Amino acid sequence: MNLSYGPEYEDFKKEVQIFCSKYSGINFSDTSKVPLAGTFKSDGPTMTRSKWQKTLIDKGYFARSIPKEYGGYGGESDVIKNRIIASEFALANIPPAMGGQGIDMLVPTLLELGTEEQKQKYIKPTLHGKMIWCQGYSEPNAGSDLASLQTKGEVINDNWVINGQKIWTSTAQYSQMMFCLVRTEPEAQKHAGISYLLIPMDTPGIEIRPLVDMTLKAGFNEVFFTDVTIPKKNIVGERGEGWAVANATLGHERGSLTNPNATMNRLNMLINRMKEETIDGRKIIDNPVYKDKLMKLQGKVIAFQSNSLRVLSAKLNKGQDVKIAAMIQKLVGTELRHELEGLGIDIMGELGTLYEDSPNLRDGGSWQFTYMYYLGLIIGGGTNQIQKNIISERGLGMPREPKVQQGV
Amino acid sequence: MYFGLSEDQVFFQDNVRKFLEDQAPLDAIRKIAEGNDSSSKDELYQGLINLGINNLLIPEDNGGLGLDLLFAVAISQSLGAGIATLPFIGPYVMAPIAIKHAANEMQKNTLFEGMVNNSINFSIGFSEYFGSRDSSGLTFSQNKVSGKTLFVLDGDYASHVMLCNKDGQIGVVSLDSVGVETINLTTVDKTRIYQEMNFDNTPIEILENSLTSSNAIELSIDAGRIVAAADSIGASQYMIDKAIEYSKERKQFNRVIGSFQAVKHMCAEMAADLEPCYSLVWHAAHSFDNHEADSRLMACHAKSHVSEISKIISKKATEVHGGMGFTDLLGLHFWFKRIGLNRHILGSPEIVRAEAARIQNL
């Protein structure tokens, strides 16, 4: 066991800390739609989101290992530096670089499987926040069973013509582009009939209807396609290879949903809240029942943080096997954060139910919002029930569910 | 950076695991637990002593192996998995750490020498420090001890008991001294020994540095808690492995029950609950070994979190076995009960969490 990153990383950590103190409490002038906005401080310098993005790329704090010609920093890939950046940003309560499905999922996919032309055209504007992407995967009848999707793509006059419907499409209303799974080989077997297409959102025939979620924000959309026609070259990989192309990036999404440092940071906010809130003039933190719940949760958060250190270690040390420890991160991380936010509500009691712009609101209503938001994450990105299938089948070697016979 | 057990630690751990698999199958454990086979218990004990588990934490200068707590954690996992019917946490973890930090040079030399040549073997009576029950209480005065203490750990082969009072002063009593009365308690867990002890003006040697500082008692209890948590991890992992194994064999509705999602999800939940426990307990041992600022907090959370998780696992894993899980025949209950006892030794989860809050001034 050796948890030191070594002296060169100590210097890097100091550099990041200085950066963080300079931008502590950063505010964004151009958008109200910063996810989890109320969980960050906002009493510091103001700039646009894309300026912040550029600042981070120039320092190498984001897109670190993506080549310069595609708009990245062009450095070596360095797991420890990434970890230090994430950890220091979380400790300083600074929002990380813009993420989203374009950055987290499309960019890695293109780097791995895109043509040179696609890389040149799409990666740079995406990284810099100038080209927003949405993900066209789920359909009303293809959720957990994604491969049964039915949106149809045909080649007519050297173009793709697309008809069908997608759902749970976050950010569709702001997006310039969609990466989309479409059934293009109807004769082929379920998984072999899908292609991965890139669709400009201003193409005629696309209709976007907002889908308001339980937080009362339109976090999602339904997207309808009627004879949507795009160039034939807008495909990643070959025809019928879309399932494999999509799976190259699903892992990225699952990994990016849960940051243990952000969870620890939020726990510390909860402790502070418990020191401030009172009932009958007595501090909440002095109530032994609430205090025990807090300590129970702290134990879980520390265990989760230690576990992510072990997962990190496996990335650095070849041959270290932490298979299950890595597989459980999405399941454990989302459930834990949901529980944490729920305790934040509970310790405030009636005050915890206040929302939107109510008088007496605490922390911008972020405890309620994030409590619900994480319920969304428990369901999204492969529901936690699907996660349990994956853990039991791939991690524990348990048998797959037998196929249901037709007509029985 | 490397987060995990070292090759040496895994090697030692595997040796203990294999030894117990070979020498202490369930039938043997059952006989020992029923009190019908003291000779095979003695053999087992001698075998583990031969592997060196008694000298683990004794400094090299005093003839021990001079290893760290993470080693003890690695071994404790194997002892829990194999439900070893033998003392470990008291004499070989808590005692050497208490001596290291509380004894003066002369005491250190004498006690460690006795421990290395196996003429001194400690049981541990530290309950007074973290929670006196049933009007127990010990009074130390002028090198004499009087009073009662409960839940003395690991009395199986003890020649001495190490005691502490409410203030955390630590003393050593030879069991052949005058005024010592030992009463065996019967717990639900038959794999280890719990005792009540009474003293009447019995000679005690106080470990000198514990008169002025509670550092030694706290370190000793922290270490005991971390290693007890590791024992529960080992027992929990065994129960999960057995549940998965059984679910792949047992058929109902013409299918192995392990193909039903209800069963698969229980197993996935157990694995997802237990994996972070390994990380937490190893991390806590590492913090302890490196005297890190948060090491007391980590020890508290290791003990209380693992106690909660292993309680859930011991229930679910039993349920996966259906009616068989409930029988004495299958013997799964030995692990269930071991986990049940570990939960409460050296402080129940609620008590330890209250301590975690105090440490942080909350």
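Visitor: How many helices and strands does chain B have?
Guide: In this predicted model, chain B has 13 helices and ten strands.

Visitor: What does the C-alpha trace of chain B span along its principal axes?
Guide: About 75 × 45 × 40 Å.

Visitor: What percentage of chain B is buried?
Guide: Buried residues account for 54% of the 362.

Visitor: What about contacts in chain B, between residues at least 6 apart in sequence?
Guide: Of those, 76% join residues at least 24 apart.

Visitor: Helix packing next. At what angle do α1 and α3 of chain B pack?
Guide: About 160°, with the axes 11 Å apart. Helix α1(B) covers residues 7-23, and α3(B) covers residues 38-51. Angles over 145 degrees count as roughly antiparallel, so α1(B) is roughly antiparallel to α3(B).

Visitor: Is the crossing left-handed or right-handed?
Guide: Right-handed, as α1(B) passes α3(B).

Visitor: Which residues make that contact?
Guide: From α1(B), they are B:Asn15, B:Val16, B:Phe19 and B:Gln23. From α3(B), they are B:Leu44, B:Gly47 and B:Leu51. By type, the contact of α1(B) with α3(B) has four nonpolar residues, three polar and no charged.

Visitor: Switching to the two chains together. How many residues of each are in contact?
Guide: 41 residues of chain A are in contact with 36 residues of chain B.

Visitor: Which elements of chain A give two or more residues to that side?
Guide: They are α8 (288-316), α9 (323-327), α10 (329-348) and α12 (384-395) of chain A. The largest share comes from α8(A), with 16 residues.

Visitor: How do the residues on chain A's side divide by type?
Guide: Into 21 nonpolar, 13 polar and seven charged.

Visitor: One last spot. Where is A:Ala188?
Guide: A:Ala188 is in the loop between β6 (177-183) and β7 (194-200) of chain A.

Visitor: Why does A:Ala188 count as partly exposed?
Guide: Because 13 other C-beta atoms lie within 10 Å of A:Ala188. Exposed would need 12 or fewer, and buried 20 or more.

Visitor: What is A:Ala188 in contact with, leaving aside its neighbours within four places in sequence?
Guide: A:Gly193 and A:Gly240.

Visitor: And how far is A:Ala188 from A:Asp158?
Guide: 21 Å in space, C-alpha to C-alpha, and 30 residues in sequence.

Key. Residues are numbered from 1 along each chain as its sequence is written. Chains are lettered from A and ligands numbered from 1 in the order in which they are written. This is a predicted model: local features need pLDDT of at least 70, side-chain atom pairs count only at pLDDT 80 or more; totals for chains, interfaces and linings use all residues. Axes are lines fitted to C-alpha atoms, for helices over the stretch in contact, and angles run from 0 to 180 degrees between N-to-C directions. Helices (H or I, at least four residues) and strands (E, at least two) are DSSP runs, numbered from the N terminus. Angles under 35 degrees count as roughly parallel, over 145 as roughly antiparallel, 65 to 115 as roughly perpendicular and the rest as oblique. A crossing is left-handed if the near helix is turned anticlockwise from the far one by less than a right angle, and right-handed if clockwise. Two residues are in contact if their C-beta atoms, placed from the backbone, lie within 7 Å. Ala, Val, Leu, Ile, Met, Phe, Trp, Tyr, Cys and Pro count as nonpolar, Asp, Glu, Lys and Arg as charged, and the others, Gly among them, as polar.
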